[in-house]
2 protein chains.
Amino acid sequence: MQINVETKPVASAAYNTRKKRLVETIDRLYHRNAKASLQKVISRLHPADMASILDELPLEHVVDIFYTISDTAMAAEVFSQLSPSLRTEVMTESPIEQLAAVLQHVAPDDLADLVGDLPEDQRAQLMALLDRESKDEVESLLQYDPNSAGGIMTTDFFSLPHTLMVEEAIENIRGREDVEMVFYLYLTDEAGRLVGVVSLRQLLLARPGTPLDKVMNRRVMKVTTDADQTTVAMLVEKYHLLAVPVVDEENVLVGMVTVDDVIDVLEEETTRDMLKMAGTSESETLTHSAFKIAGIRLPWLLAAFIGGLAATAVIGRYEAILGEVLVLSAFLPVVMGMAGNVGVQSATVAVRGLATGAIDIRDTVPLVLKELRVGLLLGGFYGVILATYGYLMYDSLSLGQVVGLTILGNMTGAALLAVLLPMIFQRLKVDPAVATGPFVTTAIDILGVLNYFVIASWIYKL
Amino acid sequence: MQINVETKPVASAAYNTRKKRLVETIDRLYHRNAKASLQKVISRLHPADMASILDELPLEHVVDIFYTISDTAMAAEVFSQLSPSLRTEVMTESPIEQLAAVLQHVAPDDLADLVGDLPEDQRAQLMALLDRESKDEVESLLQYDPNSAGGIMTTDFFSLPHTLMVEEAIENIRGREDVEMVFYLYLTDEAGRLVGVVSLRQLLLARPGTPLDKVMNRRVMKVTTDADQTTVAMLVEKYHLLAVPVVDEENVLVGMVTVDDVIDVLEEETTRDMLKMAGTSESETLTHSAFKIAGIRLPWLLAAFIGGLAATAVIGRYEAILGEVLVLSAFLPVVMGMAGNVGVQSATVAVRGLATGAIDIRDTVPLVLKELRVGLLLGGFYGVILATYGYLMYDSLSLGQVVGLTILGNMTGAALLAVLLPMIFQRLKVDPAVATGPFVTTAIDILGVLNYFVIASWIYKL
C-alpha cells in the first residue's frame, strides 16, 4: 500500500464510461502491437485503476499487458491490487525473471499476505524469487498471527534517531522517496526503542537548530505486535490517527499500521460478523468450489436441522389435537415465521450495536426491557389481526384465541431471547454474532411450536 | 474532528483499568471541590477519553465536570465526541454563555450534524448561540443532503493561492494552528477554483524560491458537493487517500472530507445494510421509545405476515392430505426452516460481496450456478438424513420420500432464489440488502410449503 498524491489519479466523474473506453483502447493497442503507445497510456493511470482494467481484459492478454508496465514500482503496486484469482494467473503464467523483478518492489506486508495465501509448494517457489532482504522481512512477518498487529503491519516505515536536529531529519526525509508516505516520523534510541513521534507539520513549524528531542511528543499511541487487529482498528478510529507504530515486547519499533489497512480490517471484521450471523463462516469466497462451500455451511445448518427435528417431535406429541383441529397445521408457518423475523430484527440491532460500540453490556437491562415492550407491541398488533383473521375465516372463536395468543407470546419471547443471548455471549467473551445464527432461530422455533400447542391444548381443553 | 499527534493520547495497554481509575479519581476530586487538581488531571487527557469518562460519571455531576475543562478548544472536542444522549443533557443543563463559548470552537461539520439532529425549537435556540461566521457556515452545510459529500464535508480546510512561493506557503501554515490537520495543501485560483494540490511532504522536499505552481499536482482527485457519501468513501478506500477536496459545480473549493469521516460513513452504510437485511431500518437507536421502534419494524414484518397467511391458505387447500397423513404437519418446521437458513446464508454472501465489491453483476451466472450446486449438495445431504429419519421413525417409505425430496427441492430453490434476487435488485439499482429481508424469507416459505404438498399429493396419490 502507498498513501500519496504524487501518483496520477483519474477523476471520479463519469468513471465507468472512462474505464470502459480505457479497456477498449488498451486492448486495441495491444492487438496492434503498438507497445510505445500502450506504455504511454498505462503510465498515466493510477495503479488501482490499472488493476481494475486488467480485471476486464481478456484473460489471455492479461500477462502480456501487465508486463508492458515499464515502471517496476508501478507494476508492483498494480500486482498488489489485482483480484486474487488474477494474481494467481499472473504468477503462474509469468516468465520467472520478470516476476522476480516486480516482486522486489511489492511492499513486505503485501508480500507476506500473498505468500501466506499460497499453497505450501507455490510458497517455496515464490520465496525463491525474492532477494535476501525481502525474504527475511516476509519470513519475520509470517511468524505473526494474521489477525494481530504484527500480521497487518508494514515493516516499510520511517524512523530516525531522536538525537538528530530538525534540519537533519528533513534532509533524511528528502533522501528517502522509497518508503511509505511519511506523515509521522517515529524517533528511536540507540537500541531501536520507540521514544517519541513528530508530525511532518511539527517538523515544518520547528525552527532549524532545534533537536528533535525538544519537539517530539513522548507519549506515543502504540501497539505491540500481538495486539488484536480489532484493537488496532478501534484505536485508529477513536483517536483519528493516520498510523500506529507497532513495537515488540522490548518496545523496539518493528512496524506500523496505516489507516488504509485499518479500513480493510474494519470491512473484514464486519463481513465476518455478517456471515456468522447468517450461519456461515468468513472463509467462503468466490474461488472456493461448491463442495468446499457446502462443507463450510453444512455444520452451521446442523443446529437448525436438529432444532427442526425437535420441533417435529414436539408436534408429534400433540398429534391428538392436530387430528381434532386440522387447521392448526395451517397456522404453523405464520406463527413460527413472525417470531423468527422479529428475533432477527432484535438480534441484529444488538449484535451491530455491540460491534460498533453504540451499546455495551451495561445497557443490558434497559435494552431487554425495551425489547420486551417492542415485542409486546408488535405481538399485540399482529396477534389481534391474526386472531380476527382466524375467527372470521374459520368461524371459530377458539382458533382466533389460540393463534392470537400464540403470536403475542412468540413474538415477545423471540424479541427478548434475541436481544438477551448476544448480551450474554458478549459477557462470556464469545462472539455475539454467533448467537444470531441458526442457534437463536432454532431456539425460537422449538419454543414457538411448544407454546403454540400448549396454548391450543389449554383453549381446546384437549 | 481533528487529526493530530499534538494532543496527548493515553496508552492502549491496560486501557480499561486505567479508565476506571480515572473515573474514580475525577469523581473524588469533584466531591472534594479540588478544582485545580481536577483541571490538571483533565488537561492531560485525550478529548476522546474525556468524552468516554464523562459517559461513566454520575449524570448529576457531568455538566459541572464538563465545564471544569479549562481549554475551550478541548471542551469543544470533548463535546463533539459525547454520546448523543449525554450531549443533549449538557446542552439543556448548561449556562447559556458557557455553552456558547464552547460551541464557537466546535468544527462546523460537527455543529451542522448536531443542529440537524435537533427538534425544530431547540435548533433555533442553538443557532442563536453561534457567532455570525459559525451560523453562516452551519446554515450553508445544512442545505446539503446529509448523505452527500456536502453533508459530510468540513469547511475548516486549508487552501492557498497557487501563485505563492513554497516558502510563503510554509509561512502560512505556520501561522494557522487552528485549522484541521494539514496533510494536503489545496491550491486555488483568484476565483477560488481548485487548480492543484501539494502534499506537506512535497512542500518539504521543494527548494525555496520554487513557485507552488511548479510543484503542485494538477490532476486532483475531487468530488462535487452532491456526490453520494458512498462514492466518496469508495474513492478514499480505492486510492488510499487521507482526504478528498469537495468542489461546487463551478469547481470552487468549498470543503474537504477526511479519512476518519470516511470510516464513519463505511460503518454507517454497513449498519444500514445489516438492518435492512434483518428487516428493519437505520433510524432505530437506543434513544427511541419502544413505540417508535415498533413503528419502524412493523411494516417490514407485514411482508412476512402476508406471506404467512398465504402459506396458511396453501396448507388449507391441502387439508385432505393432512387429514389422511397427520404426520406431515410435524415435518413442516424442519422443511421450512432448512430452506430459510440456507437462503439467509446465500443471500448474505451475495449482499456482502456486492457491498464490498468482491463480486459484481457480471458474476451473476457463475455465482448462480455455484449456488445451484451448493444447494443440491446441502439439500442432498440433509434430504438423505431426513428421509432415513422419516422412514425409520414412522415406518413409512412414502413419508421418507416426501420429506427427503422436499428438503432437496426447497434447499436448492432457496439457495438459488436468495442469490438471484440480490443480483437482480443490484441490476435494477435497488439496494440488494432489501432483497434479503422478509421478502426473500417469505417467498421461500410460500414456495417451500407449496412444494411440500405438491410432492406429498404426488407420492401419496391423494
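Start by selecting Arg297(B) and Glu371(A): their side chains meet in a salt bridge, 2.8 Å from N to O (a side-chain nitrogen of Lys or Arg within 4 Å of a carboxyl oxygen of Asp or Glu). The model is predicted, so local features need pLDDT of at least 70 and side-chain atom pairs pLDDT 80 or more, while totals for chains, interfaces and linings use all residues. Residues are numbered from 1 along each chain as written, chains are lettered from A and ligands numbered from 1 in the order written, and side-chain values use heavy atoms, without hydrogens and water.

Next, show both chains. Six salt bridges are counted between chain B and chain A. The contact (heavy atoms within 4.5 Å) takes in 125 residues of chain A and 123 of chain B. About 11,500 Å² is buried between the two chains, 67% of it from carbon and sulfur atoms; this is the accessible area (1.4 Å probe) lost on putting two parts together, summed over both. On the chain B side, select Arg201(B), Leu204(B) and His240(B), which lose the most area to chain A, together 7% of what that side buries.

Now select residues 332-356 and 364-394 of chain A, helices α20 and α21, which pack at about 155° with axes 12 Å apart. α20(A) is therefore roughly antiparallel to α21(A) (an angle over 145 degrees). Their contact joins Val334(A), Val335(A), Met338(A), Val342(A) and Ser346(A) of α20(A) to Glu371(A), Leu378(A), Tyr382(A) and Leu386(A) of α21(A).

How values were computed. Axes are lines fitted to C-alpha atoms, for helices over the stretch in contact, and angles run from 0 to 180 degrees between N-to-C directions. Helices (H or I, at least four residues) and strands (E, at least two) are DSSP runs, numbered from the N terminus. Angles under 35 degrees count as roughly parallel, over 145 as roughly antiparallel, 65 to 115 as roughly perpendicular and the rest as oblique.
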